[in-house]
Amino acid sequence: LRQLRPSTLFLVNRTFATVIPINRVARVLRFHVGNRENGIECDRMLKDTVPLYKTIDGYVKIERTICKSEWAYEVQIIFDSIGSFKGYMDQKEKIGIKSKMAGIRELAEAYGPVYEGARVYDEIDI
């Protein structure tokens, strides 16, 4: 690849970037909770949202990870397709998810910013 002209390299890179299919999509939240008690409280509030998520077509599951040395709390809400994810984004306020998640956001913002984003989600067996 080093011997290719820069314009050719651009085309090669563009080709590689287009081969990642969008099957499942995850809504990702990352923030800090400060301590064990806040982590437990976030777990409780997150579990309270599960019945609401189950009403959304294409909802698959919620995954949560915690780093106990930094008290970093990460959530992935998995949807079966980009269409299901878009449907969630359109209706989350209407079905009450946004208000349920407000408690988590309020707790987390005391320890720093809350990151929210979307990811292509795949489980890969290596």
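1. Start with strand E3. Six of its eight residues are buried, so the rest of the structure largely encloses E3. Buried here means under 20% relative accessible area. Keep in mind that this is a predicted model.

2. Which strands pair with E3? E1 does, running antiparallel to E3, with eight bridges joining them. Strand E2 (residues 59-67) also pairs with E3 in the antiparallel sense, over eight bridges.

3. Look at Val-75 in E3. Val-75 is the bridge partner of Leu-29. Val-75 is also the bridge partner of Arg-64.

4. Now the turn. E2 and E3 form a hairpin, with four residues between them. Trp-71 sits in that turn and has a positive phi of about 55°.

5. Next, helix H3 (residues 82-91). Its buried residues include Ser-84, Phe-85 and Tyr-88. They cover an arc of only 100° around the axis, which means they lie on the same side of H3. What covers the buried residues of H3? The cover includes strand E1 (24-32), strand E3 (72-79) and strand E4 (115-121), along with helix H2 (36-53) and helix H4 (97-109).

6. Step back to the whole chain. The protein chain has four helices and four strands. Along the sequence, their pattern is α-β-α-β-β-α-α-β.

7. Of the 126 residues in the protein chain, 30% count as buried. The protein chain exposes about 8600 Å², and carbon and sulfur atoms supply 53% of that area.

8. Finally, contacts. Take those in the protein chain with a separation of 6 or more: residues 24 or more positions apart account for 72% of them.

How values were computed: Residues are numbered from 1 along each chain as its sequence is written. This is a predicted model: local features need pLDDT of at least 70, side-chain atom pairs count only at pLDDT 80 or more; totals for chains, interfaces and linings use all residues. Side-chain values use heavy atoms; hydrogens and water are left out. Buried means under 20% relative accessible area, exposed over 50%, partly exposed in between (1.4 Å probe, protein chains only). Helices (H or I, at least four residues) and strands (E, at least two) are DSSP runs, numbered from the N terminus. The arc is that of the directions from the helix axis to the C-beta atoms. Contact means heavy atoms within 4.5 Å. Accessible areas come from the Shrake-Rupley method with a 1.4 Å probe; for residues, only the protein chains shown count as cover. Two strands pair if DSSP finds at least two bridges between them.
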